[in-house]
Amino acid sequence: MNANDVVVVSAVRTPFGRFDGALKTVLSMDLGVLALKEVVRRIDLDPKQVDEVYYGTCIPAEYAIYTNVPARQITLLAGFPEENISLTIDRACCSSMTALRLGCRAIKSGDAEIVVACGAENMGNVPLIASAAKARWGSRLGHIPLEDVLFELGYSRKGFAPVATDAGHVAVEYGVSREKQDEWALASHTKYFAAAKAGKYEVGGELMRLEIPQKKAPIVLEKDESPRDNLNLEKMAALKTVYGSPTVTAGNAPGLNSGASAMVIMSRKKADALGLKPLATIEACACAAGSPKYMACVPAQTIDKMFAQTGQTIDDVDVIEINEAFAAVTLVSLKMLAKDDPAKWQALQDKTNVNGGAIAIGHPVGASGARITMTMMYELMRRGGGTGVAAICGGLSQGEAILVKV
Ligand SMILES: CC(C)(COP(=O)(O)OP(=O)(O)OC[C@H]1O[C@@H](n2cnc3c(N)ncnc32)[C@H](O)[C@@H]1OP(=O)(O)O)[C@@H](O)C(=O)NCCC(=O)NCCS
């Protein structure tokens, strides 16, 4: 233990909503505001003490009609002082883990003492868009088409393949079958329900209660909306693949979700000075990028890069979180980390996403990096300690990894 260690002192997320669920018209920034308020309220931290807020969000079309700088807007709306420094980060699904890494860097360099790393997304609230060429500058005569940025997440417009398509092809290349992906996806839901039954998803741990005033009754959410019970493999096997992917279906992909997450990090010496109990230490962080098609490999590559720096191996950790961007991503990356050894691949699967993953919980992309980090941290806390590694991939093969010790 070192006074300059970066520690986590508070971590919270909203329940994650379904695409067509209760939060479908709530602005992502409003979810971000609520998570930001709650993460400081839980430890009675005066927002004046927070030097910087890093906010991940990566579907700008959703908040576009509220103009730019969402990080600045959420900090002001959450009652943070006007002097608070903030930064909006778009590193696709990695964004809120990038926020954590940049926060660690700022604290280690002495630029900041206390940072909030957070993220929010609402994929159900993404508007349909009319392009300037067609609408603002006018189609002299005729209808104005609307475009859906959620469709294939837009990547194909610039000549890249949809991520679901790439993930499926890479899974086939790595010998991870559709059947295996469906099994993993089913287990994501069953592990979630087992964890929920054991009280791991009660409000007060990683989850906060959401109450959003509306004209009539408020929206109240205390549970994730996406986990499905009563699933079976035959039903999943019968689902059609999406976006031309050879293996990815609505069953073995996460949904298009809503939610926010936030974590307060600071140096151990600052936590001591404030009398705050560190929940976990961030031992290392790394980022990487690779060939756009091979997004499924990038969590493994980022973990390898981080361990090359720390001198550890995947065998040194008690739990692993690899974001279920698709079941294909988690399975391909674990296979790479296992160096293709079937017994080791199975052993790694057994300690990965032990309380369910994004397929069950949901994947509100900008919020997921911090979500998997805190889900892992709370699990280690319940176990009385240990070490965990979390990694996430982002569009066109970007990766973030983080090593956490409790
Ligand atoms: C895959 C995707 C296109 C599906 O969208 P959708 O059609 O709105 O999804 P739904 O939840 O309505 O599911 C479609 C159907 O599959 C069924 N289904 C979904 N999961 C199932 C499961 N586990 N078992 C059985 N059936 C299932 C639904 O019941 C629904 O059936 P219905 O049409 O009879 O009602 C969408 O969720 C998506 O794009 N996900 C990926 C998001 C993404 O790319 N994130 C970033 C990663 S990098």
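Which residues come nearest to the ligand? In this predicted model, 20 residues lie around the ligand, and K235, A250, G251, A253 and A325 come nearest. The shell around the ligand is made up of 15 nonpolar, three polar and two charged residues. At least two residues of the shell come from α6 (163-173), and at least two come from α8 (233-237).

On one side, 37 residues of domain 1 take part, in contact with 30 residues of domain 2.

Which elements build the side of domain 1 that touches domain 2? At least two residues each come from the strands β1 (6-13), β4 (114-122) and β7 (258-267) and from the helix α4 (95-109). Of these, α4 gives the most, with eight residues. By class, this side of domain 1 holds 21 nonpolar, twelve polar and four charged residues.

The backbone has features of its own. Most residues other than glycine have a negative phi. Two loop residues are described here with a positive value. The phi of T67 is near 60 degrees, and T67 is not a glycine. T67 sits in the loop between α2 (60-63) and α3 (70-77). Is T67 buried or exposed? T67 counts as exposed because it has 8 C-beta neighbours inside 10 Å, and the cut-off for an exposed residue is 12 or fewer.

N353 also has a positive phi, of about 45 degrees, although N353 is not a glycine. Its place is the loop between α12 (342-350) and α13 (358-361). Why does N353 count as buried? N353 has 29 C-beta neighbours inside 10 Å, so it counts as buried; the cut-off for a buried residue is 20 or more. In short, T67 is exposed, whereas N353 is buried.

Note on methods:
Residues are numbered from 1 along each chain as its sequence is written. This is a predicted model: local features need pLDDT of at least 70, side-chain atom pairs count only at pLDDT 80 or more; totals for chains, interfaces and linings use all residues. Helices (H or I, at least four residues) and strands (E, at least two) are DSSP runs, numbered from the N terminus. A residue is near a molecule or strand if its C-beta atom, placed from the backbone, lies within 6 Å of it. Ala, Val, Leu, Ile, Met, Phe, Trp, Tyr, Cys and Pro count as nonpolar, Asp, Glu, Lys and Arg as charged, and the others, Gly among them, as polar. Two residues are in contact if their C-beta atoms, placed from the backbone, lie within 7 Å.
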